[in-house]
Structures are given as structure tokens and as C-alpha cells.
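Here is a short report for a reader who is new to this structure. Please look over the sequence and the model before reading on.

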Amino acid sequence: AVGEIASIGPSCDGYKPGDAVAYIAGAAYSEYTILPAKQLIPLPDIRAEYVPLLVSGLTASIALEKVGEIKSGETVLVTGAAGGTGSLAVQLAKLQGCHVIGTCSSDRKVEFLKSIGCDRVVNYKTEDLNQILKENYPKGIDVVYESCGGDLFEIALNRLAVHGRLIVIGSITHYSSEDGFKTMKTSPIPAKILNKSASVRGFFMNDFMHLFKEHGTKLATLQLSGQLRSAVDLGENSPRAPFRGLESIADAVDYLYS
């Protein structure tokens, strides 16, 4: 959540009433909440565009830097690139000086990804991702930011470069089905990464809470300066919009999942 400090305790050094802050914790759907100062992320001001940076942005920023260890000049593949965390991962990788490939599932998403600087957009509904990677990136992919699972995971795994790193931040193909999470059918991972000195690395955001403040402040600064685009849907297409106040939460959540 994003808001401003209404009051502070005696030992909250560095903060004062009126300061803009963000936090990731329970009680986000409330007008007031009490929090330890260590959980706060300082912000330049208050705006809706900071909200996606808290989960989607922190996931992308920390995972790429600390788990993916991306470096300027590397080739990065982002699956689900038009989504909340994927679109931020695309932009952060570009800011790092990487060549970025992004996958999506519609022409509308293709245009969106082009607008945020994605170098090669692949609509996997109409293009053969595996063939494109094989022909255009024969040396392989240095870093994969993977959230889809299934066939996309398999293709990304097969196309890793020597010393390539595949970051698993989700597996929507499996846990979004009506039957729940299913065992992934893939060829043995050890055999595919051994002769490339490659790796498959998991990322769970709660294991990196000590980095929230550092990366949250960095993301907000990038957003404010215009270097990072955080897409926000304010419900313009909902007949129940605008969503304001606690009484609109149920309608806003319904719209979010529509």
C-alpha cells in the first residue's frame, strides 16, 4: 500500500508526519494502520503508479539483480512479458543495457511491449518461439525471467547459453488451471544444464525482505524520473468506477479479476 504518515512514535528516526511511504504487509485495505518503521519504504510523493512497484516491481528488480545477476550486454528472455512483473522486468533489463526478448499472447500486447522498449517481441500464439531463439540467438539466452511454466519453461531451458541463468518467479500455466498444480512434464533438468554450466534458480520475494527498502526507493525514483513506466488501470472500463474509499474495495477487486 501507499500512503502518508499520520503520526510517529518516539523512536522512529528519519520519518515525520506527512511523509509519503509504502509498505508490504497486511491491513492494506484500511484507512489507518500501525507499522514498525523498519517496514516502511520512503517515497518522493503519493501516486497510484507506485503501487505496482511494490510486488511486481520488487520481484523484477531483486530477482534480476540478485538471482539472475544480469550484466550489460547480455541477452534476456522475459516470459509473460506484458504482465505486471514481466513488463517491469523488460524495462529494468533494458536500463541495465541488455538485449531483451519478450513473449506474449496477442497483437495488442505486442504493441505494448514495443512501446516500452522490448527489442524482440514474440507472440507465441502466432510465432514459433523455439525456432526464433534457435535461429536468431544461436549462442543462447544468458538470463531468463520465467513466470509461465509449461512449454515456455521447456523452451527457455533448452535455449540457455553457457553460464545461463533461468529464474523461476512463478508457473502460471500450472497453478491457474481448474485442476490445480500439476507435475510439470519436462526432460531431466540436470542433463540440460550440466554441459552448459547453467542454472535454474527459484525466487521467492519474502526471502529478500531486507532489500525491499533499497529496491523500492530505486524503483520509485526511476518511475518519478520517467525512466520506468508503471501501468495502472484505474477502472475506466468498469461501470462501477471510479473506485474511491473503503466502500469501493469489493468492486475494485471484482474488476481486478474480471
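Which side chains does a polar contact of 3.4 Å join? They are those of Asn 123 and Asp 107. Keep in mind that this is a predicted model.

**Around Asn 123**

Asn 123 sits in strand β6. Asn 123 is buried, because its relative accessible area is 4% and the cut-off for buried is under 20%. Leaving aside residues up to four places away in sequence, Asn 123 touches Cys 104, Ser 105, Ser 106, Asp 107 and Val 110.

**Helix α4**

Helix α4 covers residues 129-136. Leu 129, Ile 132 and Leu 133 are buried in this helix. Where do they point? Down the axis of α4, the buried residues fall within an arc of 95°, so they line one face of the helix.

The buried residues of α4 have several packing partners. Strands β4 (75-78), β5 (99-104), β6 and β7 (141-146) are among them, and so is helix α5 (150-158). Strand β6, which holds Asn 123, is therefore also a packing partner of α4, and Asn 123 itself is buried at 4% relative accessible area.

The N-terminal end of α4 is capped by Asp 128. A side-chain oxygen of Asp 128 lies 3.2 Å from the backbone nitrogen of Asn 130.

**Salt bridges**

Side chains of opposite charge can pair when their charged atoms come close. The model has eleven salt bridges. Three of them are set out here.

| Salt bridge | N to O distance |
|---|---|
| Asp 19 and Lys 16 | 2.9 Å |
| Asp 119 and Lys 94 | 3.0 Å |
| Arg 120 and Glu 127 | 3.1 Å |

Asp 119 is partly exposed at 36% relative accessibility. Lys 94 is partly exposed too, with a relative accessible area of 30%.

Arg 120 and Glu 127 meet in a salt bridge of 3.1 Å. Arg 120 is partly exposed, with a relative accessible area of 24%. Glu 127 counts as partly exposed at 28% relative accessibility. Elsewhere, salt bridges that share partners join Glu 65, Lys 66 and Lys 218 into one network.

Is Asp 19 buried or exposed? Asp 19 is buried, with a relative accessible area of 16%. Its salt-bridge partner is Lys 16.

**Aromatic pairs**

The count of aromatic pairs is two. The rings of Phe 203 and Phe 208 have centres 4.9 Å apart and planes at 25°, so this pair is stacked. Phe 203 is buried at 8% relative accessibility. Phe 208 is buried as well, with a relative accessible area of 18%.

Phe 243 and Tyr 255 form a tilted pair, 5.8 Å centre to centre and with 45° between the planes. Phe 243 lies in the loop between α8 (212-225) and α9 (249-256), while Tyr 255 lies in helix α9, so the pair ties together parts that are twelve residues apart in sequence. Phe 243 is partly exposed at 23% relative accessibility, whereas Tyr 255 is buried at 18%.

Three strands form an open sheet in the order β1-β2-β3, with antiparallel pairing. The edge strands are β1 (2-4) and β3, each of which pairs on one side only. Three bridges link β1 with β2 (residues 20-22) in the antiparallel sense. The bridge partner of Val 2 in β2 is Ala 22.

Leu 43 is placed in the loop between β3 (41-42) and α1 (51-67). Leu 43 counts as buried at 11% relative accessibility. Not counting residues up to four places away in sequence, Leu 43 touches Val 2, Ala 20, Val 21, Ala 22, Tyr 50 and Ala 220. Leu 43 and Leu 219 are 176 residues apart in sequence, yet 9.7 Å apart in space, C-alpha to C-alpha.

Methods: Residues numbered from 1 in each chain as written. Predicted model: local features only at pLDDT ≥ 70, side-chain atom pairs only at ≥ 80, totals over all residues. Heavy atoms only, no water. Salt bridge = Lys/Arg side-chain N within 4 Å of Asp/Glu carboxyl O. Buried < 20%, exposed > 50% of the residue type's maximum accessible area, 1.4 Å probe, protein only. Phe/Tyr/Trp six-rings, centres within 6.5 Å; stacked < 30°, edge-to-face > 60°. Helix = DSSP H or I, 4+ residues; strand = E, 2+ residues; numbered from the N terminus. Arc of directions from axis to C-beta. Contact = heavy atoms within 4.5 Å. Polar contact = N/O pair within 3.5 Å; in protein donor to acceptor, adjacent residues only side chain to side chain. Pairing = 2+ DSSP bridges.
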